[in-house]
Amino acid sequence: MSWQPVNHLDNNGGLPNDLDGGVQFEPKHYFEENGVEYLVGFTQPVDILTRINSTDFANAVVRRTEKKEALIKLAGRIVETDNSILTSQPLKSIYVVDN
């Protein structure tokens, strides 16, 4: 397994989080393990707490409401000064068929 940096095209954002409505995912590294590719990032607790208390979060339409509830519970266990939280996301395989 080797870590490779991920370059951003836009330094002002990240990947929208429609899974639980939380902070945008800003990948910093890439790795592959057992044939599965992953993007890895770090989220600051203060960013999670700010997002959870926002109107945008309250009104966010999410794909997994149970994940939104889990994020709210996580926010109840962290403080702004905690260490960064490691986040990872496996990449989906997309097959392109050339006609």
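Tutor: A polar contact is a pair of N or O atoms within 3.5 Å; within protein, one must be able to donate a hydrogen and the other to accept it, and residues adjacent in sequence count only if both atoms are side-chain atoms. The side chains of Tyr30 and Glu37 form such a contact, at 2.6 Å. The model is predicted: local features need pLDDT of at least 70, side-chain atom pairs count only at pLDDT 80 or more, and totals for chains, interfaces and linings use all residues. Residues are numbered from 1 along each chain as its sequence is written, and side-chain values use heavy atoms, with hydrogens and water left out.

Tyr30 lies in strand E2, residues 29-33 (strands are DSSP runs of E, at least two residues, and helices runs of H or I, at least four, numbered from the N terminus). Its relative accessible area is 18%, so Tyr30 counts as buried (under 20%; exposed is over 50%, partly exposed in between, with a 1.4 Å probe and protein chains only). Tyr30 and Leu91 are 61 residues apart in sequence, with their C-alpha atoms 10.0 Å apart in space.

Lys68, in helix H3 (residues 65-75), is also buried but has no salt bridge (a side-chain nitrogen of Lys or Arg within 4 Å of a carboxyl oxygen of Asp or Glu). The nearest side chain of opposite charge to Lys68 is that of Glu69, 7.0 Å away (Lys and Arg count as positive, Asp and Glu as negative; His and the chain ends are not counted). Beyond neighbours within four places in sequence, Lys68 is in contact (heavy atoms within 4.5 Å) with Asp20, Phe57, Ala58, Ala60 and Val62.
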